[in-house]
Amino acid sequence: MIGITNGAFIALIALGYTLVYGIIELINFAHGDLFMLGTFVCLSTLTLLGFSTEVGTTGTPWFALLLAMLAAMIFCGLLNVLAERIAYRPLRRAPRLAPLISAIGVSFIFVNIGLFWQGPTPRRFPDLLPQYDFMSQLFGFTTLIRFTFKDLFVLALAIPLMLGLAWVIRSTRMGKAMRAVAQDSEMAQQMGIDVNRVIAFTFLLGGVLAGAASLMYGLYNNNTVFTLGFTAGLKAFTAAVLGGIGNVNGAALGGFVLGLLSALTVTYAGGQWENVGVFSLLVIILVFKPTGLLGQETGEKA
Amino acid sequence: MPLLEVQQVHTYYGNIQALKGVSLKVEKGEIVTLIGSNGAGKTTTLRTIAGVLRPRKGTVRMGDRDLTKVPANEIVRLGVAHSPEGRRIFSRMSVKENLEMGAYARTDPPAELAKDFERVYELFPRLKERLTQRAGTLSGGEQQMLAIGRALMARPTVLLLDEPSMGLAPVLVELVFKTIQDINAQGMTVLLVEQNAHMALSIAHRGYVLQTGRIVLSDSAKNLAENEMVRKAYLGEE
Ligand SMILES: Nc1ncnc2c1ncn2[C@@H]1O[C@H](COP(=O)(O)OP(=O)(O)O)[C@@H](O)[C@H]1O
Ligand SMILES: [Mg+2]
């Protein structure tokens, strides 16, 4: 199950790339680093609440986990909105390369904040979830494929989040405005939509999802480091491209597919090949099917 | 006081001047048409009124408000709805969602909105049959109806229509112009931009002729249709 569960974090981060790309055609390089900062917010919140390293003898502190997740969601959401306001919005009418470079700059800033905050070495993330493998303990199987409580925890959070996002985009007033802006922002404005607000809301959504993913990642993998944003960002970006960048369902699908592929690469070729596999996949998609699995024809305006 | 008044408007694309002091008025209840050949500045005029483009000089008045100082997304709230050149419906959204977007700025009760949905369905029964369909899959004529319907959903006081007949088969052109007349008969004020001067003058009350960014003629539609210069240049007569 490791593949599917990793797929869930990747999908949540990939959604942040794809939402932003869909609406302003910006590849938000800083998004992976935002996720990294999210893991640090979770870590600090848990430390502050007294759950710093190992599983408490009193069992899982659900309330503390909830607080940590909310803190990371709020932090990442607002930070993403702030980055948009300061670093991308002033460049909205500039040539496409300008906001891209600005995003790389924001990425550097986030990485350095992470470095300053938690230092250069990997940090252990407290292992606070019950150790329970449904496969062996419930059904008596001992197989290579395990389905642990941690897997359940991640999927039980990630899937409702994704369904919730789908609902927001499909059915709410703001979601419809997002789709209108994504397709033709000038016409959306003519309808009376405040385009700046809609774009800010999109960054908020992407950040909130990254914040939620950061708690899941920390609890699942029990470590984090300031360079996490690069690897996580690379995978999530690849997933977004795989699904068709700008396409929300595609990003979710791409996340799960990529999670499985990386798990298979690790199992059959070894961990050192994982990033090679991901990069190769990215190159292959870009060369042979740049619109991705569910991608729209680019530039569809008619 | 006219409902909508454009005064000495100069609009530029970068350094290129597209409008060189355009002035026109639209009175309540009128259909006013703006005709002129390709590139004359008709679209630029409508986009300036709608706030998409900002004039370097001049004013656009809606009642006592100067629209050139109002944010583009607020203009629809002051009663101006724009059905743009090329329709620009939201092709990846459903027909129903397109109409909802048209009503986005409305704050009146849902019952009032429902009335306007019904009115649009009455004008365009074809749309009612296709509410859940993706707008991009509609035929050209249906897309034009949707663009007009979407603008009507704002319940505007002035409707700006940019070449509603463009690319349509002759029967559909007839239907669209007939519909514009019906909408006007129900009390809507219309500013109609057309290259199809013949049809436009046949339904309008008054008209303006635009040439390379300047208004060169303005008169009743009837007089324009009989004007020598208009007949030669825009009605294709010798
Ligand atoms: N986006 C643009 N950039 C530069 N010039 C433009 C643009 N749009 C229109 N123009 C120029 O402005 C003038 C008026 O165009 P337009 O208003 O579209 O004319 P019309 O609608 O009467 O055909 C033309 O000379 C056209 O080439
Ligand atoms: Mg035009």
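Trainee: How many residues lie between S1(B) and S2(B) in their hairpin?
Mentor: This is a predicted model, in which local features need pLDDT of at least 70, side-chain atom pairs count only at pLDDT 80 or more, and totals for chains, interfaces and linings use all residues. Residues are numbered from 1 along each chain as written, chains are lettered from A and ligands numbered from 1 in the order written, and side-chain values use heavy atoms without hydrogens or water. In the turn, Gly14(B) has a positive phi of about 60 degrees. The number of residues between S1(B) and S2(B) is two.

Trainee: Which residue in S4(B) is the bridge partner of Val6(B)?
Mentor: Strand S1 (residues 4-13) of chain B and strand S4 (residues 57-62) of chain B run antiparallel and are joined by five bridges. Within this pairing, Leu4(B) stands opposite Met62(B). The partner of Val6(B) is Val60(B).

Trainee: Which strands stand at the edges of the sheet, each with a single partner strand?
Mentor: The open sheet has four strands in chain B, with the order S2-S1-S4-S5 and antiparallel pairing. Each edge strand has a single partner, so one side of it is left without a neighbour in the sheet. The edge strands of chain B are S2 (16-26) and S5 (65-66).

Trainee: Which residue in the turn between S9(B) and S10(B) has a positive phi?
Mentor: Strand S9 (residues 206-211) and strand S10 (residues 214-220) of chain B run antiparallel, joined by six bridges. Tyr208(B) has Ser218(B) as its bridge partner in S10(B). S9(B) and S10(B) form a hairpin with two residues between them, and the turn residue with a positive phi, about 35 degrees, is Thr212(B).

Trainee: What is the radius of gyration of chain B?
Mentor: Chain B contains nine helices and 10 strands. The radius is taken over C-alpha atoms, and the globule rule is 2.2 Å times the number of residues to the power 0.38. For 238 residues a compact globule would come near 18 Å, which agrees with the value for chain B, 17 Å.

Trainee: What percentage of the residues of chain B is buried?
Mentor: Buried means under 20% relative accessible area, exposed over 50%, and partly exposed in between, with a 1.4 Å probe and protein chains only. Of the 238 residues in chain B, the buried share is 55%.

Trainee: What is the radius of gyration of chain A?
Mentor: Chain A has 12 helices and two strands. The globule rule gives 19 Å for its 302 residues, so chain A is as compact as a globular protein of that length. Its radius of gyration is 19 Å.

Trainee: What percentage of the residues of chain A is buried?
Mentor: The C-alpha atoms of chain A fill a box of roughly 60 × 40 × 35 Å along the principal axes. Of the 302 residues in chain A, the share that counts as buried is 51%.

Note on methods: Two strands pair if DSSP finds at least two bridges between them.
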